[in-house]
Amino acid sequence: MAMQIDKEKCISCYACEQECPTKAISYDEDGKFEIDPYTCVECEGFYEEPQCVAVCPVDGCITRLEENKWAF
Ligand code: SF4
Ligand code: SF4
């Protein structure tokens, strides 16, 4: 399981990137932030809740990656 960032909503404030314990969040070539689904552990073992969601100032910007997004 992993979290994902809605690039339409992200205002590139850098808050989440600094909080991620696994360094799963990076700045991509579009000038937006993204979460590596293979590195994100939803903060399990580090915090009680996803820290990126806790610090993100934009409601609904970071959400859980839907299971069906894995299907291809
Ligand atoms: S949920 Fe935690 S591990 Fe995943 S991207 Fe957010 S801060 Fe990083
Ligand atoms: S905290 Fe939210 S708005 Fe700020 S860079 Fe991260 S995803 Fe974008």
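**View 1. Y14 is partly exposed, with a relative accessibility of 38%.** Here, buried stands for under 20% relative accessible area, exposed for over 50%, and partly exposed for what lies in between (1.4 Å probe, protein chains only). This is a predicted model, in which local features need pLDDT of at least 70 and side-chain atom pairs count only at pLDDT 80 or more, while totals for chains, interfaces and linings use all residues. Residues are numbered from 1 along each chain as its sequence is written, chains are lettered from A and ligands numbered from 1 in the order in which they are written, and side-chain values use heavy atoms, leaving out hydrogens and water.

**View 2. Let's turn to the aromatic pairs, of which the structure holds 3.** The ring centres of Y14 and F33 are 4.9 Å apart and the ring planes stand at 80 degrees, so this pair is edge-to-face. It joins distant parts of the chain, 19 residues apart: Y14 sits in the loop between β1 and α1, and F33 in strand β3. Rings of Phe, Tyr and Trp (its six-membered ring) pair when their centres lie within 6.5 Å; planes under 30 degrees apart are stacked, over 60 edge-to-face, and the rest tilted. F33 is buried, at a relative accessible area of 1%. Together, Y14, Y27 and F33 make up one aromatic cluster.

View 3. Helices (H or I, at least four residues) and strands (E, at least two) are DSSP runs, numbered from the N terminus. C43 is buried, with 8% relative accessible area. Most residues other than glycine have a negative phi.

**View 4. Ligand 1 has C43 among the residues around it.** Others include M3, C20, P21, T22, C40, E42 and C52, where near means a heavy atom within 4 Å. This shell divides into 10 nonpolar, 1 polar and 1 charged. Nonpolar covers Ala, Val, Leu, Ile, Met, Phe, Trp, Tyr, Cys and Pro; charged covers Asp, Glu, Lys and Arg; the others, Gly among them, are polar.

**View 5. Ligand 2 is surrounded by 13 residues.** The closest are C10, I11, C13, C16 and C56. Its shell holds 12 nonpolar residues, 1 polar and no charged.
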